[in-house]
Amino acid sequence: MTLLLKPITRLSLFQTHFQINNNNNPRARATSVSCSWSHGAHKIVREFDPKIPIEKAITPPSSWYTDPSFYAFELDRVFYRGWQAVGYTEQIQEPRDFFSGRLGNVEFVVCRDDNGKIAAFHNVCRHHASLLVSGSGKTSCFTCPYHGWTYGLNGELRKATRISGIEDFSINDFGLVPIKVATWGPFVLLNMDNEILQKDNIDTDNVASEWLGSSSELFSLNGVDTTLTYVCRREYIIECNWKVFCDNYLDGGYHVPFAHKGLASGLSLDSYTTSIFEKVSIQSAEGGSKEKENDRLGSKAFYAFIYPNFMINRYGPWMDTNLAIPLGQRKCLVVFDYFLEASFKDDKAFIERSLADSEKVQMEDIRLCEGVQKGIESPAYSTGRYAPNVEKAMHHFHCLLYDNLIN
């Protein structure tokens with residue numbers, strides 16, 4: 001496990017590299033990937049049966065977590081479909097703000113133009129494919145560091161240097177390739193689907209419906225909104241498949257009393273409940289230490305998993321988000337971003353103590369996840385079973401994966 005600490009700054013959620021060749025159209029390239037791997041991957045997918053009730057069901061086979069062909073297949077079927085969280089509105093709060101990142105083989109940049117409009121593009125020069133920008137910042141245009149081609153914040157090509165003599169070339173045909181972008185609450189979302197790209201306008205209500213389904217109101221009611229102050233980011237490279245981390249999150253608190261003694265003392269585990277929605281599962285528990293002042297967990301904890309890999313945790317004055325990004329069939333990057341209610345933002349002692357408590361939990365989870373990955377790779381393990389009363393969210397996650405992968 002490698003821990004990467006990031007300071008308080010404006011960053012994108014995706015600053016990593018998946019091992020697929022770059023192309024401006026991920027769905028087009030993904031089609032070739034699917035054709036290459038689909039036969040073997042489909043066979044592996046069908047080893048799990050979502051129609052079997054949880055009481056009798058077996059878990060997905062170990063090959064879902066170890067097979068290279070399955071990994072390549074799920075990048076296409078899972079991560080290039082639907083809305084994906086990539087950042088926060090605070091990162092592009094003012095005109096000319098931008099942030100960049102990577103999702104699969106897609107290099108992207110999100111920006112706000114001088115009129116306040118948010119846009120997203122493939123972060124790739126149309127001349128010879130150089131990346132245009134990295135990180136985040138403020139700019140009036142995107143100038144390629146390779147040959148100086150310059151693009152406006154609306155994606156239009158403004159200047160193509162030293163092209164005298166070129167034929168059959170129209171500057172209007174060489175703007176940046178757009179990506180559909182939307183916001184919900186404090187989150188910035190991208191969608192790589194070609195069908196979405198053809199739509200001129202994206203309705204916020206439709207985005208909420210597609211991303212959160214019928215659970216959307218619960219997020220607002222539980223304090224997931226834009227009033228929180230961004231605090232910091234921590235990143236962890238973990239030696240496990242990204243789904244192992246998600247499975248751990250989705251076990252209904254099953255592991256908490258055994259692996260997280262400190263966390264368990266702050267929660268009333270008997271009150272733990274799980275609610276299942278279309279592409280969301282919500283776990284909640286009452287706080288177990290209401291008498292403590294400045295307790296970071298507060299009186300209630302709200303843990304939401306948004307398929308496929310985004311987690312929102314709201315507790316006490318805190319909100320943190322976790323994003324599990326695949327880096328290979330046995331490695332992932334997990335990005336934690338921390339937010340705090342404004343009345344606590346100057347309480348440095350409380351912030352440091354809370355972050356230290358959270359860090360302890362993450363280290364405990366990392367040891368668990370890395371141990372599970374080693375066990376999955378053992379010849380002694382093929383499939384497991386579910387604990388029906390607590391692992392409903394995990395089973396739901398596996399069923400959603402099956403639906404994405406088989407269709």
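1. Trp 184 comes out at 10% relative accessibility, so Trp 184 counts as buried (under 20% relative accessible area; exposed is over 50%, partly exposed in between, with a 1.4 Å probe and protein chains only). Bear in mind that this is a predicted model, where local features need pLDDT of at least 70, side-chain atom pairs count only at pLDDT 80 or more, and totals for chains, interfaces and linings use all residues. Residues are numbered from 1 along each chain as its sequence is written, and side-chain values use heavy atoms, leaving out hydrogens and water.

2. The whole structure has 26 aromatic pairs (Phe, Tyr or Trp rings, six-membered ring for Trp, with centres within 6.5 Å; planes under 30 degrees apart are stacked, over 60 edge-to-face, the rest tilted).

3. Don't go looking for disulfides (cysteine sulfur pairs within 2.5 Å): a search of the whole structure finds zero. For Cys 332, the nearest cysteine sulfur belongs to Cys 240, 4.0 Å away. Cys 332 is buried, given its 0% relative accessibility, and Cys 399 is buried at 15%.

4. Lys 243 sits over the face of Tyr 65, 5.2 Å from the ring centre (the cut-offs are NZ of Lys or CZ of Arg within 6 Å of the centre and within 35 degrees of the ring normal).
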